[in-house]
Amino acid sequence: MYKTSKIQKKNMAFFKVIQHFIVIPSFMVGVSMGTSSRVPVVPGLSYTFYSSTCPGLDFIIRGHLIKVLFSDRTQAAGLLRLHFHDCFVKGCDGSVLMDGSASDPSDKDALPNLTLRSQAFKIINDLRACYGSPCASTLWPSCSCANIITLAARDSVFLIGGPFYLIPLGRRDGLNFATQGETLANLPPPFFNTEQLLSSFATKNLNTTDLVALSGAHTIGIGQCTSFTDRLYPTQDPTMDQTFANNLKRICPTATTNATTNLDIRTPNIFDNKYYVDLVNRQGLFTSDQDLYTDSRTRGIVTSFATNQGLFFEKFIDAMVKMSQLDVLTGSQGEIRSNCSVRNANSNMDLKYLVEVDEEQGKLSQF
């Protein structure tokens with residue numbers, strides 16, 4: 001292992017070394033490119049957006065996450081969830097990272113986001129500083145906080161056993177955070193049934209397969225007792241396996257117990273298809289999980305993913321690429337934050353001097 005101080009001081013030197021240890025298997029790259037290419041790329045984004053301005057971006061971010069996940073694999077779930085919460089509210093613009101105040105609370109302060117891991121926010125800020133120097137443009141480093149969240153989620157999945165996939169880049173950061181009302185209206189809670197989930201996802205142009213595939217993110221992570229004890233008390237949900245229910249009651253002896261448990265009881269820290277095996281065995285934690293197997297519209301998809309991990313990975317990639325492009329800001333929209341938690345002090349200067357290369361358009365654009 002490399003010492004943290006050495007990595008922080010010599011990002012580019014670390015990149016040259018780490019690339020020999022982070023080799024994406026050729027068969028995996030081929031699969032990910034083929035799968036992702038079925039999803040249209042939003043104008044302004046590109047798979048080669050930073051190939052000139054920061055060709056080592058992927059390796060720098062992945063190298064830092066190797067250190068993080070080597071120390072604590074559970075952080076992968078926090079980074080993946082942060083990406084979902086960012087994209088489902090105001091689009092993938094990094095607004096979930098912005099700090100509010102007592103008089104003007106941000107979406108970070110909204111109830112659904114209070115359970116986002118503080119460590120996930122720190123990791124994103126660390127990544128912002130980690131790649132800044134070798135990828136600096138005229139004024140600010142050219143990669144947005146929104147792109148960092150997207151890449152961190154992708155690499156977290158890959159590094160704990162999930163599929164690798166290519167992701168279009170070029171997102172810019174939002175200038176404003178969402179209101180708490182907007183956050184509540186856009187993030188589906190754990191007590192939603194499939195009908196409600198389908199309606200919620202439809203507003204994002206995500207279909208039934210996307211819903212089931214993205215729900216597979218619950219193959220990692222934890223849930224708080226208060227998010228599922230309505231299935232235990234005062235009466236037990238009949239769709240819940242009895243042994244599973246008994247175990248949950250020991251962890252959460254009352255409806256208000258402040259404790260947590262794994263979302264996937266089989267392989268909680270490996271990104272695989274065991275979440276769907278849980279559902280088939282009536283061992284899904286949330287109503288929003290188990291009802292996917294109960295509802296006839298989604299049961300067949302759950303069953304197919306439970307028996308075919310490759311199919312789950314394929315559909316998960318498609319859904320993630322689609323979700324990662326929700327209402328993105330591109331071109332001269334928004335800004336590139338120098339500090340992910342606050343808006344730039346002078347956005348006009350940022351727009352004037354920030355230089356980005358969009359290889360897809362084949363020209364240098366100066367905003």
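This is a predicted model: local features need pLDDT of at least 70, side-chain atom pairs count only at pLDDT 80 or more; totals for chains, interfaces and linings use all residues.
Where in the structure is aspartate 327? Look in the loop between α15 (309-323) and α16 (347-353). Residues are numbered from 1 along each chain as its sequence is written, and side-chain values use heavy atoms, with hydrogens and water left out.

**View 1. The whole protein, with 16 helices and four strands.** Helices (H or I, at least four residues) and strands (E, at least two) are DSSP runs, numbered from the N terminus. Of the 367 residues, 53% count as buried. Here buried means under 20% relative accessible area, exposed means over 50%, and partly exposed is in between (1.4 Å probe, protein chains only). Take the contacts (heavy atoms within 4.5 Å) between residues at least 6 apart in sequence: 75% of them join residues at least 24 apart.

**View 2. The largest pocket, at about 1,100 Å³.** The search runs on a 1 Å grid over the protein atoms alone: a cavity is a set of points where a 1.4 Å probe fits but cannot get out, while a pocket is an open set with protein on both sides within 12 Å along at least five of seven lines, and lining residues have an atom within 4 Å of a point. Grid points are joined across faces, edges and corners, and the volume is the space filled by probe spheres set on the points. Of the 37 lining residues, Arg81, His85, Pro188, His218 and Phe286 are the closest to the centre of this pocket. Two or more lining residues come from each of α5 (75-88), α9 (194-202), α10 (208-215), β1 (222-224) and α13 (287-294), and α5 gives the most, with seven. By type, the lining splits into 22 nonpolar, twelve polar and three charged residues. For that tally Ala, Val, Leu, Ile, Met, Phe, Trp, Tyr, Cys and Pro are nonpolar, Asp, Glu, Lys and Arg are charged, and the others, Gly among them, are polar.

**View 3. The second largest pocket, and the helix that gives the most to its lining, α4.** This pocket has a volume of about 280 Å³. Tyr47, Thr48, Ser51, Asp58 and Leu169 are the closest to its centre out of 15 lining residues. Helix α4 supplies three residues of the lining, and both α4 and α7 (145-159) supply at least two. The lining is made up of eleven nonpolar, two polar and two charged residues. As for α4 itself (residues 57-71), its 15 residues reach 22 Å from first C-alpha to last, close to the 21 Å expected; the expected span is 1.5 Å times one less than the number of residues. Its buried residues include Leu57, Ile61, Arg62, His64 and Lys67.

**View 4. Helix α7, largely enclosed by the rest of the structure.** That description holds because 14 of the 15 residues of α7 are buried. The end C-alpha atoms of α7 are 21 Å apart, in agreement with the 21 Å that its 15 residues should span. After α7 comes glycine 161, with a positive phi near 110°.

View 5. Leaving aside neighbours within four places in sequence, leucine 97 is in contact with residues including Leu82, Phe121, Ile124, Ile149 and Arg337.

View 6. Most residues other than glycine have a negative phi, and most peptide bonds are trans. Aspartate 327 has a positive phi of about 45° although it is not a glycine, and at 58% relative accessibility aspartate 327 counts as exposed. Arginine 282, in the loop between α12 (274-280) and α13, also has a positive phi, about 60°, and is partly exposed at 34%. The peptide bond from tyrosine 233 to proline 234 is cis, with omega near 0°; proline 234 sits in the loop between β1 and α11 (242-251).
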